[in-house]
Amino acid sequence: MKILAIGPLWRGSNAGGLFRAMSREGHLMEVLDEFYYISLLTKTKTTKVLERVIRPLQEDEFNKAIQQKIVLFSPAVVFVYKGAFVRPETLIFARERKCKLVLFYPDVSMSAHGVNIPKSIPLYDLIFTTKTFGIKDLETTYGVKNARFIPHGYDPEIHRKLPISTEDKNTFGCDVSFIGTWSPKKELWLSVLKQKAPGVNLKVWGEQWFKAGTEVLKSSIQYTGVVGDLYAVAIQCSKINLGILSERVAGASSGDLITSRTFHIPGSSGFLLHERNEESVLYFKENEEAGFFGDAEEMARQVAYFLANDKLRGEIQEAGYQRAIKDHSLDARAKTVGVYLDQLFI
């Protein structure tokens, strides 16, 4: 199938991993990377102000490029990953040229990333959500009947066993790590861990952790993210990798129940200690393929328990890795995506 995929390709991006998996399934893929058009990673106040000024012009260019690619490539499907900068008029342009329109939405809230996504939702022929509650949210808020759930997966090109050097161990080695963007809940739960187990070597990687005000946590914050191969290295250099989930935000009926880390960590051969809920325990067996916790207090107890039991931790780690390989790669997700895409043409 000829597919025009729209989304970021940076090494380690979930979008890029899925696109490559779809290519391995045999689809003829052409990709437009929004990062070539939209500047999103500036840090200083001055560049952020300038970025806001030129953003509409960048978005104009990006959408013109999509339309030009549609004319040149004549795709059967325009496959949009998240689509914060894809305008409704561009989707209408694609539909007029007989393209099927598909949205793959990886986040909790459909309304938290600008105006284009909510305006565009009614135009899609099929919407994939990585949240089970996303199907109900789409129907309740937007009247969508064509949503399907597909969980995240690990990317075998990125999340894999890697050779670990002494230098890597010195930089990334720790008892416990959390890799992810700051949120109030994550700060609170990690602070409880530090208070309950002050001797534990905790490293916190990710964006926006400058917002953390809890003094006991500051020495653990690395104030930078890790992506791509460094992400896999950081996972493997940590004895325990925490899966603390994001809390509910406006526009969603629930906080996360699973996330990309749910699969990235075992896929990278890391030990996963994950927040327990009715959904997360479906993917990895508790105390056989991953550890679980229900709140911050239990998380601290589980950290102490698994740090004290190297053999058990190693056995669970290996079993989780084998489960990820068997069931949870992006190649497996791409097969499911392909089945649903075929149904669009029946």
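Reply: Let's start with pairing: two strands count as paired if DSSP finds at least two bridges between them. Strands themselves are DSSP runs of E with at least two residues, helices are runs of H or I with at least four, and both are numbered from the N terminus. With that, S1 (residues 2–6) and S2 (residues 28–32) pair in the parallel sense over five bridges.

A few ground rules first. This is a predicted model, where local features need pLDDT of at least 70 and side-chain atom pairs count only at pLDDT 80 or more, while totals for chains, interfaces and linings use all residues. Residues are numbered from 1 along each chain as its sequence is written, and side-chain values use heavy atoms, with hydrogens and water left out.

Now back to S1. On its other pairing, S1 runs parallel to S3 (residues 77–81), and four bridges join the two. You can see both pairings at one residue: Ile 3 has Met 29 as its bridge partner in S2, and Ile 3 also stands opposite Val 77 in S3. S1 is mostly covered too, as four of its five residues are buried (buried means under 20% relative accessible area, with a 1.4 Å probe and protein chains only).

Zoom out a bit and S1 turns out to belong to an open sheet of six strands, in the order S2-S1-S3-S4-S5-S6, with parallel pairing. At the edges you'll find S2 and S6 (147–149), each of which pairs on one side only. The sheet is twisted, by an average of 20° from one strand to the next. Angles here run from 0 to 180 degrees between N-to-C directions, using lines fitted to C-alpha atoms, for helices over the stretch in contact.

Next, look for helix H12 (330–343). H12 packs on this sheet and touches S1, S3, S4 (100–105), S5 (126–129) and S6, where contact means heavy atoms within 4.5 Å. The direction of H12 makes about 160° with that of S5.

A cavity is a set of points on a 1 Å grid over the protein atoms alone where a 1.4 Å probe fits but cannot get out, and lining residues have an atom within 4 Å of a point. Grid points are joined across faces, edges and corners, and the volume is the space filled by probe spheres set on the points. By this rule the model has one cavity of 30 Å³ or more, and the largest cavity holds about 70 Å³ of space.

Who lines it? Asn 14, Leu 18, Tyr 81, Phe 104, Ile 150, Pro 151, His 152, Gly 153, Leu 330 and Arg 333. Sorted by class, that makes six nonpolar, three polar and one charged residues (nonpolar: Ala, Val, Leu, Ile, Met, Phe, Trp, Tyr, Cys and Pro; charged: Asp, Glu, Lys and Arg; polar: the others, Gly among them).

To place this part in the whole, find the open sheet of five strands, S8-S7-S9-S10-S11, also with parallel pairing. Its edge strands are S8 (202–205) and S11 (291–293), each with a single partner strand, so one side of each is left without a neighbour in the sheet.

Terms used. 1 Å grid on protein atoms, 1.4 Å probe; cavity = no way out; pocket = protein on both sides within 12 Å on 5 of 7 lines; lining within 4 Å. Buried < 20%, exposed > 50% of the residue type's maximum accessible area, 1.4 Å probe, protein only.
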